[in-house]
Amino acid sequence: MPSGAETSALRTNDDSPDAGDSADLQIEVIEFFVHIAQLLHLPKSIGQIFGYLFCAGEPRTFDDIVRDLSVSKGSASQGLRFLRNLNAVRVIYIPGNRRDHFEAEDRLSKLAAGFLRERVEPQLEVGQERLARLKNLVERRSLSDDADLLLRERVGRLEGWNSKARQILPVMLDFLGI
C-alpha cells in the first residue's frame with residue numbers, strides 16, 4: 001500500500017500546532033477513499049476528490065481541489081462530473097461568490113443508490129441486450145451434442161441471473177429510501 005505522500009499530496013495553509021495531525025488524518029481518509037475507488041476500478045482521482053471533500057469542514061472550490069490535491073484541471077473536472085452524476089458530490093451556492101463550491105454527500109444510502117443507478121443499472125441493460133443475442137445464436141444451433149445442450153442450459157441460467165438482478169435492483173433502491 002502506498003504511503004500518504006505517494007497517494008495524496010495534500011496541501012494545507014494551516015500553520016497551527018495541530019495542523020500536522022489534521023493533515024495526517026485527512027491524508028488517511030483520502031487514502032481510504034482512494035482504496036475504495038481502486039477496488040471499484042475507478043480512477044484514483046475520484047477517491048482523492050471525494051475523500052478531500054468528505055473531510056472538508058466547508059464547501060471547496062474547483063481551484064481548491066486542483067491546488068490542494070495537486071491534480072490536473074482535467075482530472076478534477078472529470079472526477080467532479082463523475083461524482084456529481086453519482087450524487088456523491090453536490091454543488092453549493094455561496095451568496096456573493098460566483099464560483100461553484102462542492103460538498104461531499106455523507107449519507108451511505110444516497111451514495112449506494114447513485115452507484116447502483118449510474119454503474120450497475122446500465123450494465124444490466126447491456127447484459128440484457130447481450131443475452132438476447134446469445135439466446136438467438138443458441139436457438140439457431142442444432143442440438144447435436146452435449147456441448148450444445150450445456151451451452152443452451154448456461155445461457156438460460158444467465159438469463160435467470162439477469163432477470164433476478166433486474167428485479168432486485170428496484171427493491172434495493174427502495175430499501176435505500178431513494
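Predicted model: local features only at pLDDT ≥ 70, side-chain atom pairs only at ≥ 80, totals over all residues.
Local features need pLDDT of at least 70 and side-chain atom pairs count only at pLDDT 80 or more, while totals for chains, interfaces and linings use all residues. Residues are numbered from 1 along each chain as its sequence is written, and side-chain values use heavy atoms, with hydrogens and water left out.

**View 1. Salt bridge between Arg99 and Asp63.** The structure holds 11 salt bridges (a side-chain nitrogen of Lys or Arg within 4 Å of a carboxyl oxygen of Asp or Glu). In this one, the closest N and O atoms are 3.4 Å apart. Arg99 lies in the loop between strand 2 (89-92) and strand 3 (101-104) and Asp63 in helix 4 (residues 62-69), so the pair ties together parts that are 36 residues apart in sequence. Helices (H or I, at least four residues) and strands (E, at least two) are DSSP runs, numbered from the N terminus. Arg99 is partly exposed at 44% relative accessibility, and Asp63 is partly exposed at 37%. Buried means under 20% relative accessible area, exposed over 50%, partly exposed in between (1.4 Å probe, protein chains only).

**View 2. Salt bridge between Arg67 and Asp68.** The closest N and O atoms of the pair are 3.0 Å apart. Arg67 is partly exposed, with 37% relative accessibility, whereas Asp68 is buried at 8%.

**View 3. Salt bridge between Glu105 and Arg90.** Here the closest N and O atoms are 2.7 Å apart. The pair links distant parts of the chain, 15 residues apart: Glu105 sits in the loop between strand 3 and helix 6 (108-140), and Arg90 in strand 2. Glu105 is buried, with a relative accessible area of 2%; Arg90 is partly exposed at 32% relative accessibility.

**View 4. Network of salt bridges.** Arg90 and Glu105 are linked with Glu103 and Arg107 in this network.
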